[in-house]
Amino acid sequence: MSQIQQISGPGIPVIGNDIDTDRIIPARFLRCVTFDGLGEVVFQDDRSQMKGEHPFDQSQYANARILVVNGNFGCGSSREHAPQAIARWGIQAIIGESFAEIFFGNCVAIGIPCVTASAADIASLQEAIASEPTMELSLDLNTLTINYGDRSIPASMGSGPQQMFLGGTWDSCGQLLQQIDAIQTTAARLPYLAY
């Protein structure tokens with residue numbers, strides 16, 4: 001299992017409330033068998049409409065690792081393709097005012113911490129990133145703090161998800177694989193699995 005305690009790197013601001021999963025990954029891209037290639041089409045329709053002005057098209061954010069968003073991010077349908085597309089673009093953590101519950105859960109399931117901060121702190125952070133795109137951000141899940149420049153702001157996350165990241169138990173497949181011997185022992189005792 002993989003513990004996630006700190007994520008550092010440049011940030012990328014995507015400004016606006018109620019950005020839904022259809023905007024994150026349009027429905028026509030959901031027919032894929034795997035999630036491979038979804039990073040290339042994340043925010044595809046928004047990017048097309050903005051003709052190169054969307055943050056995910058701007059070269060100064062090409063190395064971003066932390067997405068900074070506003071309220072109710074990831075609302076709409078429950079498609080797990082949305083966090084997959086964001087992750088496959090290169091994002092390792094998301095900081096926002098609030099997240100849709102299913103989107104949040106889908107992020108936890110693939111190891112992307114989503115923390116919240118106040119609207120004022122988010123606005124200041126987005127402005128700071130826009131002014132200095134190469135600035136290093138650091139999200140510490142132990143202390144629930146976000147550090148950038150000479151500032152430190154508090155973050156929030158439920159204690160359950162926080163402990164899952166810190167302990168590495170967010171990875172349900174990893175947990176199963178760690179218990180493979182016990183699973184095989186139990187399976188061998190089950191009469192309906194005997195060959």
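The following legends describe close-up views of a predicted model. Local features are reported at pLDDT of at least 70 and side-chain atom pairs at pLDDT 80 or more, whereas totals for chains, interfaces and linings use all residues. Residues are numbered from 1 along each chain as its sequence is written, and side-chain values use heavy atoms, with hydrogens and water left out.

**View 1. The open sheet contains 7 strands in the order 4-3-2-1-5-6-7.** Its pairing is mixed. Strands (E, at least two residues) and helices (H or I, at least four residues) are DSSP runs numbered from the N terminus; two strands pair if DSSP finds at least two bridges between them. Strand 4 (114-116) and strand 7 are at the edges and have a single partner strand each, so one side of each lacks a neighbour in the sheet. Strands of a sheet pair through backbone hydrogen bonds, in either the parallel or the antiparallel sense.

**View 2. Strand 5 and strand 6 form a hairpin.** Strand 5 (residues 136-140) is antiparallel to strand 6 (residues 145-148), and the two pair over 4 bridges. Tyr148 of strand 6 is the bridge partner of Leu137, and Ile146 of strand 6 is that of Leu139. Between the two strands are 4 residues, and Leu144 in the turn has a positive phi of about 50°. Thr145 belongs to strand 6. The side chains of Thr145 and Thr143 are joined by a polar contact of 2.7 Å (a pair of N or O atoms within 3.5 Å; within protein, one must be able to donate a hydrogen and the other to accept it, and residues adjacent in sequence count only if both atoms are side-chain atoms). Leaving aside residues up to four places away in sequence, Thr145 touches Ser138, Leu139, Asp140, Ser152, Ile153 and Ala155; contact means heavy atoms within 4.5 Å.

**View 3. A second hairpin is formed by strand 6 and strand 7.** Asn147 has Ser152 of strand 7 as its bridge partner. The turn has 2 residues between the strands, and Gly149 in it has a positive phi of about 55°.

**View 4. The largest nonpolar core has 55 residues.** Such a core is a set of buried Ala, Val, Leu, Ile, Met, Phe, Trp, Tyr and Cys residues joined through side-chain atoms within 4.5 Å. Buried means under 20% relative accessible area, exposed over 50%, and partly exposed in between (1.4 Å probe, protein chains only). The residues with the most contacts inside the core are Leu67, Phe73, Ile94, Phe103, Leu141 and Ile146. Not counting residues up to four places away in sequence, the residues that Ile94 touches include Leu67, Val69, Phe99, Phe103 and Cys107.

**View 5. Helix 4 (residues 101-109) has buried residues at Phe103, Asn106, Cys107 and Val108.** The cover over the buried residues of helix 4 includes helix 1, helix 3, strand 3 (93-96), strand 4 and helix 6 (159-167). Gly111, which follows helix 4, has a positive phi near 85°.

**View 6. The structure holds 4 aromatic pairs.** Rings of Phe, Tyr and Trp (its six-membered ring) pair if their centres lie within 6.5 Å; planes under 30 degrees apart count as stacked, over 60 as edge-to-face and the rest as tilted. Phe56 and Trp89 form a tilted pair, with 4.3 Å centre to centre and 55° between the planes. This pair links distant parts of the chain, 33 residues apart: Phe56 is in the loop between helix 2 and strand 2, and Trp89 is in helix 3 (residues 81-89). Phe56 and Trp89 are both buried. Phe99 and Phe103 form a stacked pair, at 6.5 Å centre to centre and 15° between the planes; Phe99 and Phe103 are likewise buried. Phe43, Phe56 and Trp89 make up one aromatic cluster.

**View 7. Asp18 and Lys51 have positive phi values.** Asp18 has a phi near 60° and is placed in the loop between strand 1 (6-13) and helix 1 (21-24). Its relative accessibility is 45%, so Asp18 counts as partly exposed. For Lys51, phi is about 50°, and the residue lies in the loop between helix 2 (44-50) and strand 2 (66-68). Lys51 is exposed, with a relative accessible area of 71%.
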